[in-house]
Amino acid sequence: MQQILDRTQQSLAGSFAALARNARRQQQLYYATVGLLIAIIVVSGLLLAALAAARHLDVRRSHVAQYVSGISLKVQSQTSFLRRTALTVDYYLAASSDAPPDTELLSQIRHTGLARSPDGKYVVLVPDATRQAWGEALPHKVWQLQQIATATLTTGMAFGLDAQAYVVAPDASFAILVSPAGIHAADLADADFAVRLRDDLSRHLPSPTASEGPAQQQPRWIGPVDDPVHRTPAMMATLDARAATGNGQATLVAASIPARSFLAGLARPADP
């Protein structure tokens with residue numbers, strides 16, 4: 001009887017020990033499973049965060065690229081406008097024609113040296129010394145300047161630009177001011193404003209190098225500087241036309257874009 005009890009006790013002890021070992025194995029497996037799940041969750045969270053950050057950067061990069069593209073488009077438009085205007089100056093200053101200039105325009109030039117178009121969108125300045133030097137050629141010279149002014153205005157409107165444009169002889173013998181928005185009479189005192197305009201534009205220009213020829217000329221961007229007419233901050237782009245005076249200096253073509261207007265026309269990238 002005692003032996004049966006001993007064997008039963010040993011059997012029960014062995015069973016309990018096996019159950020205890022199995023319980024420990026189950027507990028270890030449970031902890032391992034929980035740890036693995038936690039690791040999977042952490043790694044997944046990190047991956048999602050990395051993907052979200054990458055997407056955020058991609059969106060920001062796309063917005064910045066669009067912003068830079070807008071700036072580039074504006075610069076390219078102004079550059080094309082300057083080049084076409086320079087070609088216009090080259091062509092008409094060398095052109096000869098029997099066509100008379102606008103009668104009212106010529107009359108204003110003869111009397112004051114300052115002539116304004118009927119719509120006020122361009123002004124031609126010819127100082128007294130120049131008028132005397134031109135003499136009988138004055139009507140033809142005024143015709144040339146009128147053609148340059150109207151062609152410049154048309155080109156600017158075709159490009160959808162609202163910038164002011166200036167064409168100034170290096171010796172200030174003439175100047176042309178063009179603005180699609182119109183030029184107010186109060187902005188100009190008299191024909192001698194051509195000298196001030198030449199000086200203001202030349203003050204900001206870098207000195208040309210000896211190796212820099214007309215074919216190598218590139219539009220030069222400067223600013224913000226004070227616009228020579230309105231005296232407000234503006235971005236200026238300048239280019240030398242090939243048409244030159246007797247001393248070999250090139251006629252200067254410039255475009256003035258109000259700084260506030262330039263920035264307002266750019267769509268800044270929004271936060272994603």
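**Entry 1: arginine 131.** I began with the surroundings of arginine 131. Setting aside neighbours within four places in sequence, I found arginine 131 in contact with Ile109, Arg110, His111, Thr112, Gly113, Val126 and Ala191. I note that I am reading a predicted model. Arginine 131 sits in helix H3, residues 128–134. Is arginine 131 buried or exposed? Its relative accessibility is 13%, so it counts as buried, the cut-off being under 20%.

**Entry 2: isoleucine 109.** I then turned to isoleucine 109, one of the contacts of arginine 131. With neighbours within four places in sequence left out, isoleucine 109 touches Leu114, Ala115, Val124, Val126, Arg131, Leu138 and Val142.

**Entry 3: the cores.** I looked up the largest nonpolar core next. It has 33 residues. Which of them touch the most other members? They are Ile109, Leu145, Val167, Ile176 and Val253. I listed the elements that each supply at least two residues: helices H1 (2–94), H2 (103–111) and H4 (138–158), together with strands E2, E3, E4, E6 (233–244) and E7 (250–258). H4 gives the largest share, seven residues. I also found a second, separate core of 19 residues. Tyr166, Leu188, Val229 and Met236 are among its members.

**Entry 4: strand E4.** Strand E4 covers residues 175–178. I checked both of its faces, and both are covered. Ala175 and Leu177 are buried on one side, Ile176 and Val178 on the other. Which strands pair with E4? Strand E2 (residues 122–125) runs antiparallel to E4 and is joined to it by four bridges. In that pairing, valine 123 stands opposite leucine 177. Strand E3 (residues 164–168) also pairs with E4 in the antiparallel sense, over four bridges. There, alanine 165 has valine 178 as its bridge partner. I followed the chain from E3 to E4 and found a hairpin with six residues between the strands. Alanine 172 lies in the turn and has a positive phi of about 60°.

**Entry 5: salt bridges.** I counted seven salt bridges. Side chains of opposite charge can pair when their charged atoms come close. I took a few in turn.

Aspartate 58 and arginine 61 meet at 2.8 Å, N to O. Both lie in helix H1, three residues apart, which is about one turn of the helix. Aspartate 58 is partly exposed at 44% relative accessible area, while arginine 61 counts as exposed at 51%.

Aspartate 199 and arginine 198 form another salt bridge, at 2.7 Å, N to O. Aspartate 199 is partly exposed, with a relative accessible area of 32%.

Arginine 220 and aspartate 240 meet at 3.2 Å, N to O. Why does this pair tie together parts that are 20 residues apart in sequence? Arginine 220 belongs to strand E5 (residues 220–226) and aspartate 240 to strand E6, so the pair links the two. Arginine 220 counts as buried at 16% relative accessibility. Aspartate 240 is partly exposed, at 23% relative accessible area.

Terms used: Residues numbered from 1 in each chain as written. Predicted model: local features only at pLDDT ≥ 70, side-chain atom pairs only at ≥ 80, totals over all residues. Heavy atoms only, no water. Buried < 20%, exposed > 50% of the residue type's maximum accessible area, 1.4 Å probe, protein only. Pairing = 2+ DSSP bridges. Core = buried A, V, L, I, M, F, W, Y, C linked by side-chain atoms within 4.5 Å. Contact = heavy atoms within 4.5 Å. Salt bridge = Lys/Arg side-chain N within 4 Å of Asp/Glu carboxyl O.
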